[in-house]
Amino acid sequence: MRRLLWVIPGFFVLAAAGCLTAPESRPVPDTLPINLAHLEHLSEDVVQGDSVLRIVHIYAEAPDYHWVDDPDEGTACVDDVARAAVLYLRLYELTGDEAVRRTAEKLLRFVLYMQRADGLFYNFVYSNRLDINTTHQNSRAEPFGWWAGRAVWALGTAADVLRRANPRMAAQAAAAARRALVHLDRTWLVHYPRTRQVHGRTVPAWLVYRYGSDASSELLLGLVRLQKAAPDTSLARMIRQLAEGMARMQYGSMARHPYGAHASWIDTWHGWGNAQTQALAEAGYLESAIYEAEHFYPRLLVYGWMYAMSLDDSTQVRRYEQIAYAVRCVAVGLIRLYEQTGDVRYATMAGLAASWLTGNNEAGVPMYDPATGRGYDGITGPGTVNRNAGAESTIEALYTMLEVSRHEPARRWLYARGAPPVEVTHEGTRYAYRVFSVQEKDATRSVAVVLNLSAERLELLEGEALARFLREVTTEPVHH
């Protein structure tokens, strides 16, 4: 069936291949809305000289969802405005809608406003008077870090997407990104190829913050776009060095802690901002991206989401908070691998990962509301949902839904629901698996994500293969 992406006021809608009904019989709409209403509510246009800039207020608290600022940090930040710019630029890239482009450009003007003459970025403004917070630890320009990386992501994307529609702004964005990257070289990449040994692990010492594989991944997304817009050997070298460093911070395997995950830092993995697979796939460095997708991401789907885990102690796991910012890294990473390889397994897993947003989570609550466009701020404990809807959660949810909805093999699983995980040994082989089901027209469609822990091999089983597997393993004692 032909798929259409079109615009109606406040919404972007991707027509689905068919009407789905979730297993609990909640009706699922014929279309999957990408509703910008709440993000627009969080946003405020500010006149600065002859220009109009757009800020995005950081918090909105239930039940009225009025803007809430932070008294120490401020009202809006590069972190969130850059995220929003990436979302709107991506929507413009897909739709060609001029109103979307103009919104993206207002957001980009704020990002550019926050750049110092030397190329580094402050993060927060205190108010809509654009009074910059230069002192808070989450706003200082030095060193090149998270908000500089996100600024480069937005600016690099703009340099690529706006080349034809607004070549002047595209050139301005590219120049601003390159001014910032001077500091990446001087501060962090200057340490290439030094490493450090930590509890038997080799840790590269040239990433953002020396060891920040997470922050480096968000930066790499911008470098790839900038290189596509205006390739040069210096950018290619930065991309290669960051990709090499992130790949070297991958440890374990499917059955060995930490299970093939890309570490975030010297001694920890956390979900938020850990976009290595997405970034590596976009950069064309597929080996470790595929390894994480085949070893670690299936573990998250089978056993459930985590907030963080220690690399040194497999018993030290934090399950909460579970947030959209972590789900995006997994779901969009899998989408990028699907786009690069054509392997439908990655699209299937992307849809299953994104189903966390539609209610396939331990709270059983949708974390993205298509009627309002709110992305809720997280699951804070067993069955406990934070129904505030700030900028980060809303933008990450929208971005995830947009990318997953574009591909039918992923979209069909967006409303899937999972049975409890099962561990079983069959004929000497250890398995951990989980069955996910969705009602598709008049039939139930099911898929099992299966970890063959003995062979350390991923299997996705449907149809007769799934039925045969379940018949075989249910002859053995199981535990949940």
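1. Before anything else, a word on strands: two of them pair if DSSP finds at least two bridges between them. Helices (H or I, at least four residues) and strands (E, at least two) are DSSP runs, numbered from the N terminus. With that in hand, look at Met309, whose bridge partner in β15 is Val317.

2. Some housekeeping. This is a predicted model, in which local features need pLDDT of at least 70 and side-chain atom pairs count only at pLDDT 80 or more, while totals for chains, interfaces and linings use all residues. Residues are numbered from 1 along each chain as its sequence is written, and side-chain values use heavy atoms, with hydrogens and water left out.

3. Back to the sheet. β13, β14 and β15 form an open sheet of 3 strands in the order β13-β14-β15, with antiparallel pairing. β13 (268-270) and β15 (317-318) are the edge strands, each with a single partner, so one side of each has no neighbour in the sheet. Strand β14 (residues 308-310) and β15 run antiparallel and are joined by 2 bridges.

4. Strand β11 (residues 195-198) pairs with strand β12 (residues 201-204) in the antiparallel sense, over 4 bridges. Val198 sits opposite Arg201 of β12. The hairpin has 2 residues between the strands, and His199 takes a positive phi near 50° there.

5. On to the helices. Two packed helices are described by the angle between their axes and the distance between the axes. Here axes are lines fitted to C-alpha atoms, for helices over the stretch in contact, and angles run from 0 to 180 degrees between N-to-C directions. Angles under 35 degrees count as roughly parallel, over 145 as roughly antiparallel, 65 to 115 as roughly perpendicular and the rest as oblique. A crossing is left-handed if the near helix is turned anticlockwise from the far one by less than a right angle, and right-handed if clockwise.

6. Take α4 and α6 to start. Helix α4 (residues 146-161) packs against helix α6 (residues 213-229) at an angle of about 20°, with the axes 7 Å apart. That makes α4 roughly parallel to α6, and their crossing is left-handed. The contact (heavy atoms within 4.5 Å) includes Trp146, Trp153 and Val161 of α4 and Asp214, Leu219 and Ala229 of α6. By class, this contact of α4 with α6 has 11 nonpolar, 4 polar and 6 charged residues. For those classes, Ala, Val, Leu, Ile, Met, Phe, Trp, Tyr, Cys and Pro count as nonpolar, Asp, Glu, Lys and Arg as charged, and the others, Gly among them, as polar.

7. What does α4 do with α3? The axes of helix α3 (residues 98-113) and α4 come within 10 Å and cross at roughly 130°, and α3 and α4 are therefore oblique to each other. This crossing of α3 and α4 is left-handed as well. Leu108, Val111 and Leu112 of α3 meet Ala151, Ala154, Leu155 and Ala158 of α4. The contact of α3 with α4 has 7 nonpolar residues, no polar and no charged ones.

8. Then there's the α8 and α9 pair. Helix α8 (residues 276-283) and helix α9 (residues 287-295) have axes that come within 8 Å and cross at roughly 140°, which makes α8 oblique to α9. The crossing is left-handed. On the α8 side Thr277, Leu280 and Ala281 take part, and on the α9 side Ser288, Ala289 and Glu292. Those residues divide into 3 nonpolar, 2 polar and 1 charged.

9. Worth checking by eye: the cis peptide bonds. One joins Ala62 and Pro63, with omega about 5°, and Pro63 lies in the loop between β7 (59-61) and β8 (66-68). Another joins His257 and Pro258, with omega about 0°; Pro258 is in the loop between α7 (233-248) and β13.

10. Two non-glycine residues have a positive phi in loops. Tyr65, at about 60°, is in the loop between β7 and β8. Lys441, near 60°, is in the loop between β22 (429-440) and β23 (443-452). Buried means under 20% relative accessible area, exposed over 50%, partly exposed in between (1.4 Å probe, protein chains only). Tyr65 is buried, at 6%, whereas Lys441 is exposed, at 64%.

11. Last, Ser51, which is in strand β6 (residues 51-56). Ser51 is partly exposed, with a relative accessible area of 29%. Leaving aside neighbours within four places in sequence, Ser51 is in contact with Val46 and Arg109.
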